[in-house]
Amino acid sequence: ASGVGLLPSGCDTFVNNGMWIKTDGCNTSSKGMAYRDYGMTSYGTCAPHGGAYTWVWKVQPSNSHCRFGYRGESKIKNALSHRSVVFVGDSMSRNLYYSSLRAIGVDGAGAYDATMPKHTDISQTVWDGTTPVNFKWAPLAIDQLNVLRGLNRIASNGGTQMDLVVLGGGAWDRLHVYASDEDRQSHASTLKELSREMKRTQKESGASVVWFIPTTINDPALNTEEKRDHMREEDMESMRSVYSHNGVLSASSFVIDGTAFTKSRVSESYDGVHYPHDVYDAGSQILFNALDWLLPDWGIVGHATPPKIGKMANPLYGMIMLGMVIIGLVFFDGFLGFSYLASVFVKGIKPIDLYDEAYSALHRRLGMNGADTLSSPKRSSKKHKVACVVPTPKSKTSTGKSRRSIDEEIEVLLGKRNVGEVDFT
């Protein structure tokens, strides 16, 4: 896509439209077979071993200009460098966050570690500390609303301006706060407030707000009775509709459909909710392709701080340059006085003497006082003044005489004749 320009905003209709196929996305011949068998040309992931699942986008009409493709660190850096990115949500959103970090070069992001706290915020800066990419733990809709309000408050008070906000949730609400009619009404009211806050974020901060629809639930793998009673796939499908009905999806700048890249691999969900790392890589690639229209001015981001005045200056070097200029002026020598070394071996070629020899003839022609003193073999005084007077009108001479005078002057400058042998009048 980058070779033909940024993807247009109309591609948001197609960017979730892909599938997993077993092929080597890094191998040209495998790509050819995938095109023949499945009609796939755009690859979102690359597995360097045969038989692995690879996320591919379905072929779109050529006039749509939707040429999706894998986004590596360099392309993502062009879009996100010197911007502020924050993910807000539950564990599904956190796994999407980890996948995004791995794509931008943070090795080991999301590695399994039972000693790490699960329900906590995560802070990360990339690219020499120029780009914060953070995660805010907010599993419930009310939590997401409060976090977003806090971010907007910070931005309005002159704090960090957000550029990209990725929100996601719904599973915890369905599991913990959706049992009674009162819970459902309160939840719907919260979602409406959340939708308004999302619109406010886009309007006041100029940030793009992305909503991440919950991934597909693997019912047989749900590991608690509570989850099997309240968080089955049919329950979550109803919850997805609730979020859409209350304006969350329409208030978003873009929507990542979590079911699009998980429904065909639902059996791999080991606890009924979460998936292997490579599954979320498809979701992060959908997001990074969408940056073309979410952040269309990437490449002209103006957050860089100009260098301070004098930062590139060096007082010592400045004094050395000033000394070199003074030497050249005092000694009439552009070679810092080294030309005087030649006078040790040959007399009469000091730069200051060459100055007299070179300019005395010119001064006489211009009628300047002191020209005779300059042209004398021995200068009467080391300190002399040269006054400039208005040149006398030149008398008309013949062309031959003019050419002869010029030739004679050249011979004087070349040292073939003495100054006294030539008439410069």
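1. Residues are numbered from 1 along each chain as its sequence is written. In this predicted model, local features need pLDDT of at least 70 and side-chain atom pairs count only at pLDDT 80 or more, whereas totals for chains, interfaces and linings use all residues, and side-chain values use heavy atoms, with hydrogens and water left out.

2. The protein has 13 helices and 9 strands, taken as DSSP runs (helices H or I, at least four residues; strands E, at least two) and numbered from the N terminus. Of its 425 residues, 42% count as buried, that is, under 20% relative accessible area with a 1.4 Å probe, protein chains only.

3. Among contacts (heavy atoms within 4.5 Å) between residues at least 6 apart in sequence, 69% join residues at least 24 apart.

4. Helix H6 covers residues 181-205, and because its 25 residues should span 36 Å at 1.5 Å a residue, the 35 Å between its end C-alpha atoms agrees; the expected span is 1.5 Å times one less than the number of residues. Buried residues in H6 include His187, Leu191, Glu197 and Met198, and the buried residues of this helix pack against partners including helix H4 (141-156) and strand S8 (208-213). Gly206, with a positive phi near 70 degrees, follows H6.

5. Of the 33 residues that line the largest pocket, the closest to its centre are Ser91, Arg94, Asn95, Lys118 and His274. Helix H3 (91-103) gives the largest share of this lining, 5 residues. A pocket here is an open set of points on a 1 Å grid over the protein atoms alone, where a 1.4 Å probe fits, with protein on both sides within 12 Å along at least five of seven lines, and lining residues have an atom within 4 Å of a point.

Terms used: Buried means under 20% relative accessible area, exposed over 50%, partly exposed in between (1.4 Å probe, protein chains only).
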